[in-house]
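Please take a look at the chain below.

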Amino acid sequence: MEAAVGLLLMFRVSHGVETHCDGRQNGAQCYGALGGSVDIQLMDNTSEINRYELIKSSLKILNVRNNTVISNAIRERAHFSSNGTFRINKLNRTDGGNYTLETFDSDGKSSGERILQLFIEAPVSSVLLDPECLSQGERRVSCSSEGGDSPQYSWTLDGRTLTDAELLSGNNKTNIITLKQNVSGRLVCSVRNNISNVSKEERIYTCGFIFINCTSVNGTQISGWVYEANNTLCIKPTTVPKQTATAIVSNKNPTKIKPFNQTVSSDNPWYITYLPLIGGVLSALLILLVVGVAGACEHIIKQKTKPTEQRAEEDDQEVTYADVIITKCQRKDVEQRAEVEVEYGQIKFSSNRR
């Protein structure tokens with residue numbers, strides 16, 4: 001028994017792929033790896049059955065009577081154990097097909113039969129991922145395998161099943177898929193068949209494309225994927241908070257700028273986007289400057305003309321004049337000094353203004 005176990009381990013190391021099959025049910029399907037080994041459980045207790053035979057296409061593969069192997073057509077690579085397991089090593093294509101297990105009682109009469117199917121498949125040995133960027137930023141990934149009969153493909157992204165929303169073409173069960181421009185992460189392609197399962201993982205990045213939806217400087221509406229490094233069509237959109245502006249030009253005649261509520265998108269250069277606002281502010285400043293200069297000039301003129309106006313107002317006062325009479329006295333004496341007599345009258349000013 002120890003020698004049998006050692007032989008089993010040797011074949012397991014040499015051929016690698018080993019499969020197991022439960023053939024105790026009628027119609028069982030078993031799979032074996034090409035070049036590998038398969039263990040088929042034919043029965044539970046061989047001591048209860050007096051005689052049994054394993055036949056494939058009218059060829060008697062195995063003949064056992066009273067727990068003694070009478071014949072084994074492939075004894076150089078097959079072994080039958082007392083626990084009811086039939087092991088075939090170095091499987092080849094011709095080993096596949098329908099096998100019939102027929103049992104007999106002590107009288108040599110058939111007590112029943114079961115049929116099982118054995119399929120031989122080449123195992124998947126390795127998997128290769130080949131990603132490439134397409135012209136519009138999509139990424140096509142092909143998954144190829146070496147060896148492997150009837151391979152089945154599946155994809156995962158960051159540990160979850162790849163969805164149709166992340167695919168432009170293909171599906172989760174094809175070997176070639178096309179990912180959308182914004183998809184990135186840890187991509188795994190798994191290839192399996194009935195006797196093997198091999199996977200390959202690769203970190204996937206975007207191809208450097210971004211989606212733009214804006215109006216260019218010349219007014220053309222642009223929408224689509226472009227290569228970010230070469231993008232000169234649009235400026236990244238920014239949003240300016242809504243604002244209401246009111247400008248007072250002077251104290252006498254206030255001029256109000258109509259409120260405006262708008263979201264400014266920097267599709268155009270900043271100086272074009274903010275041109276109306278800058279123009280309004282500059283106009284208000286210019287008007288304020290003109291009004292200030294005019295007020296200053298008026299104040300200077302008033303200061304210069306103030307004395308003249310006060311004199312004019314004083315001239316407007318009512319004035320009363322008196323007659324002044326000068327008389328000359330006769331000479332009393334030649335030597336007498338001439339005296340001049342002056343008579344003064346009162347000058348009366350009226351306090352009433354005009």
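What follows is a short report on selected features of a predicted model.

## A four-stranded sheet

Four strands make up an open sheet. Their order is E11-E12-E16-E15, and the pairing is antiparallel. Strand E11 (124-133) lies at one edge and strand E15 (167-169) at the other, each pairing on one side only. On average, neighbouring strands of this sheet are turned by 30° against each other, direction ignored.

E15 is joined to strand E16 (residues 176-179) by two bridges. The two strands run antiparallel. Leu 167 stands opposite Leu 179 of E16.

## The hairpin of E19 and E20

Strand E19 (residues 209-215) pairs with E20 in the antiparallel sense, over seven bridges. Thr 215 has Gln 221 in E20 as its bridge partner. Five residues lie between the strands of this hairpin. Gly 219 in the hairpin takes a positive phi near 90°.

Arg 87 sits in strand E8 (residues 85-88). Its relative accessibility is 8%, so Arg 87 counts as buried; the cut-off is under 20%. The side chain of Arg 87 makes a polar contact of 3.3 Å with that of Ser 37. Another polar contact, of 2.9 Å, joins the side chains of Arg 87 and Asp 39.

Arg 77 lies in a loop, between strand E6 (68-72) and strand E7 (78-80). Arg 77 is also buried, because its relative accessible area is 13%, against a limit of under 20%. Arg 77 and Asn 89 are 12 residues apart in sequence. In space, their C-alpha atoms are 5.2 Å apart.

## A nonpolar surface patch

Which residues form a nonpolar patch on the surface? They are Leu 277, Ile 278, Val 281, Leu 282, Leu 285 and Leu 288. Together they have about 490 Å² of accessible area.

One of these residues, Ile 278, is placed in helix H3 (residues 275-315). Ile 278 has a relative accessible area of 35%, so this residue is partly exposed. Patch members need over 30% relative accessible area, and Ile 278 has 35%.

How values were computed. Residues numbered from 1 in each chain as written. Predicted model: local features only at pLDDT ≥ 70, side-chain atom pairs only at ≥ 80, totals over all residues. Heavy atoms only, no water. Patch = residues over 30% accessible without salt bridge, like charges linked within 9 Å, V, L, I, M, F, W, Y side chains within 5 Å. Areas by Shrake-Rupley, 256 points an atom, 1.4 Å probe, with all protein chains shown as cover. Salt bridge = Lys/Arg side-chain N within 4 Å of Asp/Glu carboxyl O. Buried < 20%, exposed > 50% of the residue type's maximum accessible area, 1.4 Å probe, protein only. Pairing = 2+ DSSP bridges. Axes fitted to C-alpha atoms, helices over the stretch in contact; angles between N-to-C directions. Polar contact = N/O pair within 3.5 Å; in protein donor to acceptor, adjacent residues only side chain to side chain.
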